[in-house]
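Here is a short report on one protein structure.

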Amino acid sequence: MARRISYQIFDMPDGRFSVTVTIEPDKTMVRTGFVTQAEAGAWVEGLRDIMAALGAPVSLAFPEYTGSLPLNDVLAFIRKAPTEAD
């Protein structure tokens, strides 16, 4: 059975972009060093083509955020998220 694959593009603090890919249930990889968001997007399209040949769909992890997410903002949000102990 093909596994679901999700990705998200992040703005890095140095001005570059990275792509985080998760293969369900528990494998995550990060590809860094893209100079432009378009370059990161082209890499994702290549991944999508390869995975389609294997019958594994590739989808955006957070469909409500179609652009890249600023990594520093995401990390700040995660750090502020309440825990079960709160």
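A nonpolar core is a set of buried Ala, Val, Leu, Ile, Met, Phe, Trp, Tyr and Cys residues joined through side-chain atoms within 4.5 Å. Buried means under 20% relative accessible area, exposed means over 50%, and partly exposed lies in between, with a 1.4 Å probe and protein chains only. The model is predicted: local features need pLDDT of at least 70, side-chain atom pairs count only at pLDDT 80 or more, and totals for chains, interfaces and linings use all residues. Residues are numbered from 1 along each chain as its sequence is written, and side-chain values use heavy atoms, with hydrogens and water left out.

**Core**

The largest nonpolar core holds 14 residues. Ile5, Tyr7, Ile9, Val19, Val21, Ala40 and Met51 touch the most other members. Strands E1 and E2, helix H1 (37-53) and strand E4 (58-60) each supply at least two residues of this core. H1 gives the most, with four residues. Helices (H or I, at least four residues) and strands (E, at least two) are DSSP runs, numbered from the N terminus. In soluble globular proteins, nonpolar side chains tend to be buried together.

Contact means heavy atoms within 4.5 Å. Beyond residues up to four places away in sequence, Met51 touches Ile5, Ala56 and Val58.

**Strands and hairpins**

Two strands pair if DSSP finds at least two bridges between them. E2 takes part in both pairings tabulated here.

| Strand pair | Bridges | Direction |
|---|---|---|
| E1 and E2 | Seven bridges | antiparallel |
| E2 and E3 | Six bridges | antiparallel |

Ser6 stands opposite Thr22 in E2. Val21 has Met29 in E3 as its bridge partner. E2 spans residues 17-23 and is mostly covered, with five of its seven residues buried.

The two hairpins have their own details. Five residues lie between the strands in the hairpin of E1 and E2, where Gly15 takes a positive phi near 95°. Three residues lie between E2 and E3 in their hairpin. Pro25 lies in that loop between E2 and E3. The peptide bond from Glu24 to Pro25 is cis, with omega near 10°.

**Gln8**

Is Gln8 buried or exposed? Gln8 counts as buried because its relative accessible area is 2%. This residue lies in E1 (residues 5-11). A polar atom of the Gln8 side chain lies 3.1 Å from the backbone nitrogen of Phe62.

A search of the whole structure finds one aromatic pair. Phe34 and Trp43 form this tilted pair, 6.1 Å centre to centre with 50° between the planes. Rings of Phe, Tyr and Trp (its six-membered ring) pair if their centres lie within 6.5 Å; planes under 30 degrees apart count as stacked, over 60 as edge-to-face and the rest as tilted. Phe34 counts as buried because its relative accessibility is 3%. Trp43 is partly exposed, since its relative accessible area is 22%.

**Arg79**

Arg79 lies in helix H2 (residues 71-80). With a relative accessible area of 66%, Arg79 is exposed. Arg79 and Val35 are 44 residues apart in sequence. In space, C-alpha to C-alpha, Arg79 and Val35 are 27 Å apart.

Conventions:
A polar contact is a pair of N or O atoms within 3.5 Å; within protein, one must be able to donate a hydrogen and the other to accept it, and residues adjacent in sequence count only if both atoms are side-chain atoms.
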